Amino acid sequence: MAMTLEQISEMLAKYPVKVEKNRKKHIVIKDSAAGRQEIEANTRTIPGIITNRGCAYAGCKGVVLGPLKDMVHITHGPIGCAFYTWGARRNKARSEDPGQNFMNYCVSTDMQESDIVFGGEKKLAKVIDEVAEIFKPKAITVSATCPVGLIGDDINAVAKAAEERLGIPILAFSCEGYKGVSQSAGHHIANNGLMERVIGAGEREEADGKYPINILGEYNIGGDSWEIERILEEVGYTVVSVMTGDGSYEDLQNAHTAELNLVQCHRSINYIAGMLETKYGTPWLKVNFIGVAATAESLRNMAAYFDDPALTARTEEVIARELARVEPQLEQYRKLCEGKTAFCFVGGSRGHHYQGLFAELGIDTVLAGYEFAHRDDYEGREVIPEIKTDADSKNIPDLHVSADERRFRLKMSPERLAELKRQIPLSYYAGMNADMADGTIMVDDLNHYETEEFIKLLKPDIFASGIKDKYVVQKMGIPAKQLHSYDYSGPYAGFNGAVNFARDVSMGFVSPTWNFIVPPWKDEPLLTGSVTEEGVA
Amino acid sequence: MLDATPKEFNERTSGGMINPAKTCQPIGAMYAALGVHGCLPHSHGSQGCCSFHRMHLTRHFRDPVMASTSSFTEGASVFGGGANLKTAIKNIFQIYNPEIIAVHTTCLTETIGDDIPSIIKEADIPEGKVVFHANTPSYQGSHITGFSNMTKAMVGYFAEASAAIKKEQVNLIPGFVNPGDMREIKRIAHLMGAPFIMFPDTSGVVDTPMTGEFVMFPKGGTTLGELGDSGNSKLTVALGRFASSDAAEALAKKCKVPAVTLKTPIGIKATDALVMALRRAFVREVPWELEEERGQLVDIMTDTHFHFHGKKVAIFGDPDIVTGLAEFAVSLGMAPVHVLTGTPGGAIGSDVGSFEEDIAAIVGQAGLKANIKAGGDLFTLHQLIKNEPVDLLIGNTYGKYIARAEDVPFVRVGFPILDRSVHSYLPVVGYRGAMRLIEMIAGALLDRQDRDAADEDFELVM
């Protein structure tokens, strides 16, 4: 059921005028006849609007830094921010040296009122010393929370002094929660810090195996990265590093040795991808390992890049074998999913990626959007030059890198690179809009009111989103699938992941529990009887 | 699991936390505000605060947790958040239409010193609608302090001594407990024939039924009328010193309602104390139904005492809950050897005081000694357990890491519980709650005994 502009206007009419004017620009009905369709994104959420968005700290420490397992991550601030990013995102990690896996640790300076008044630098320095003494990590990160910037604690100076004192890298991230307009600012801040301090700091000039690649923007939620690595290794690739799921300081240091960088989540990591290309001449390939077809296509694009007949043959072998294995499994779930519709509203990439997997199961995505993406994630990277900086985006500095004199190396001739770019998404992302069907809706920063209204109007069969709206949707009798945490299941990536996803989504549709919502007494009058010839019996 | 935690104690004087046993004030304030009927909690700070708090509360209750935010930007942090809050208030009433907005602050807005009452005064509030607030600086106390501050704000804003003589009714302040606990406390008050006003009351708000319809402001929650009338009650019973006594004292001061602070009624002794307080206040004999329940509990305790007696237990979590659990563990003949809360122990900002004294008194009466710590963290608790192993660990979900690392049976009680369900619907308070605790504890201990038994020692009857 398609929606008209009038229906959307009617829905927005309940808003105060300013909100209405603002929100209108964040909603687009796909119309391929209309040419390029602009959507507003990465701008402020209006105060009072119940948004799903978080903050820069969540994007920096919570998303990008948190999964790096061999570093101790210190949160400088009052206790809450550290507490909420402790084990809350399912970025799994295993380590050969469990004593150097700090994934289940949460360190906070636990700032008190006196620290706010007199400054928290001394306390931070002491916490760094204690952590170094107890855990002996290879490196430490320090992430700032709101009050840190406000009171003027110089975390960079504290980190630098501690680094000299302790002899290990200590990275400071000024990712105060009020910076930018969402988690996105924090991704950028984390990208800058990792590029500046970690990536390329290793001594290696060459990777250990053939076809070395990095996987960027893959956070190993529910073990996604392990499934992707399984496939890539079977084809014959050498995974140098993953940024940052099950990632490590150790691996990231030598990420410059890769011949190709794969980008899974464009939004959170495209900064590093771009800088790696500038600094080392390594192009990046936009991949999508969600869904069987997208996974196969990504593998074929990688093979096209390396252009080695043996690798291409092996790629096709693995694809054929995996398809033969998973297709029959998917088929049984397809029967339960066919003809259904979905809303797909997730972070910064999944809102796009999961549409393909839904489609493979016969589910049409009728509404999709991102919580914190930018226009290029919707409209494609060609809009980047057009995106105006504003007061919020200006606050996040771009890190300017230049070609590394020693290590910069073109991976192929410029002519072949140009030719390849015509065939595969090399250093390019086409965005969500390209894959949306006419009449479907894109909504940026979908909020609570619109969630309720769109559901009433479009009546989707499943709603893919996060924990904050999950139970709102389920109360309405509609299955809700968390695509941030996968409802504690997974992996959902790769071939095995597609089967897991199909199973879980089908389970949502066929669970007997939906049948119990209406109690039997609502369907039967209290008094029953029959009329006979003698009267009422 | 937790392989980097050494057995040897490290001297830690920084005041930093490793694996905290508390979180920050605003989430407690948000939870308390949900216990007011028709109220939308509003987080005056960065978006992340609101998002984090909603995430954790939703995961704990597995029910919608609605709240809004002032969505601070860098500009607002420099120039003050007045405009953000005023815009938010206007938008919230027009779009979501709650009866009440409960604003709580964050470390950001406390640091820049936003004057919330002045901003509220200047805000555009529709006729008949209400905005109130609590200051909840994240850099003081814990989530329990935040709960306490928001509860106290309900008194400050709404309670009125409007009647000439006090009414035959009692105010029950349940503290930071689950809606299942609040329902049980209300049931006990009903059985005692005591008319009551419970505030805050999140039952019917975060334990709502599946009806096929989403209701943004569900049936539950203390009404504004009830909050006002709390000033006319003849008694306030504050359950839990840390979460509830400030509000009770405020009510005593503002409306001359006498206050008594009792322990959170976890276990037989604390429940007895609640029942006795109601019995005295209303001069009503305890009904057979409640006496029967108590008798059943004692029967169970006696029948199963050999499962528990002498077992060493470590307990952590929020101070009021931990106090009740420690007391009940002692009643069962168990030995609490490590008792820890992340919340500072006494007056706000102080590390020492009543928590440690309370627990020392409880274990001392049984002739026991324990490591007792307020303002502690789970890294410390883990080290304590490594040095003096226990048979059982009781605490919130975060204890599962230690339980696995040390292979200790683990019972989940408290906040947050993120990996199990139903816990928020069923009580741990009252006589029935005590029975449930016994079932949980015995289940954990006996499952372990079964697991570890050799085939020839594996028993059918235990």
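**Conventions**

I worked on a predicted model, in which local features need pLDDT of at least 70 and side-chain atom pairs count only at pLDDT 80 or more, while totals for chains, interfaces and linings use all residues. Residues are numbered from 1 along each chain as its sequence is written, chains are lettered from A and ligands numbered from 1 in the order in which they are written, and side-chain values use heavy atoms, with hydrogens and water left out.

**Entry 1: domains 1 and 2 of chain B**

I noted the division of chain B into domain 1 (25-158), domain 2 (167-286) and domain 3 (289-457); the bounds come from an automatic or database domain assignment. The C-alpha centres of domains 1 and 2 of chain B are 23 Å apart. I found 32 residues of domain 1 of chain B in contact with 34 residues of domain 2 of chain B, contact meaning heavy atoms within 4.5 Å.

The two domains of chain B bury about 2800 Å² between them, with 73% of it on carbon and sulfur atoms. Buried area is the accessible area (1.4 Å probe) that two parts lose on being put together, summed over both. On the domain 1 side, Tyr31(B), His37(B) and Val155(B) lose the most area to domain 2 of chain B, together 22% of what that side buries.

**Entry 2: chain B against chain A**

I then turned to the chains. The contact takes 75 residues from chain B and 75 residues from chain A, and about 6700 Å² is buried between them, 64% of it on carbon and sulfur atoms. Across this interface I found two salt bridges. Asp110(A) and Lys22(B) form a salt bridge through their side chains (2.9 Å, N to O). I also counted 30 residue pairs in polar contact between chain B and chain A (both at pLDDT 80 or more).

Which strand of chain A pairs with β1(B)? Strand β3 (residues 107-108) of chain A does, in the antiparallel sense and over two bridges. Strands are DSSP runs (E, at least two residues) and helices likewise (H or I, at least four), numbered from the N terminus; two strands pair if DSSP finds at least two bridges between them. Ser108(A) stands opposite Met17(B) in β1(B).

**Entry 3: a salt bridge within chain A**

I counted 62 salt bridges over all chains. One joins the side chains of Glu453(A) and Lys456(A) (3.4 Å, N to O). These two residues of chain A are separated by about one helical turn because they are three residues apart in helix α19 (residues 448-458).

**Entry 4: backbone geometry**

Most residues other than glycine have a negative phi, and most peptide bonds are trans. I recorded a cis peptide bond from Met243(A) to Thr244(A), with omega near -5 degrees; Thr244(A) is in strand β7 (residues 238-244) of chain A. A cis peptide bond also joins Phe415(B) and Pro416(B), with omega about -5 degrees. Pro416(B) lies in the loop between β14 (410-412) and α17 (430-452) of chain B.

Asp307(A) has a positive phi, near 50 degrees, and lies in the loop between α13 (292-306) and α14 (309-337) of chain A.

Notes:
A salt bridge is a side-chain nitrogen of Lys or Arg within 4 Å of a carboxyl oxygen of Asp or Glu. A polar contact is a pair of N or O atoms within 3.5 Å; within protein, one must be able to donate a hydrogen and the other to accept it, and residues adjacent in sequence count only if both atoms are side-chain atoms.
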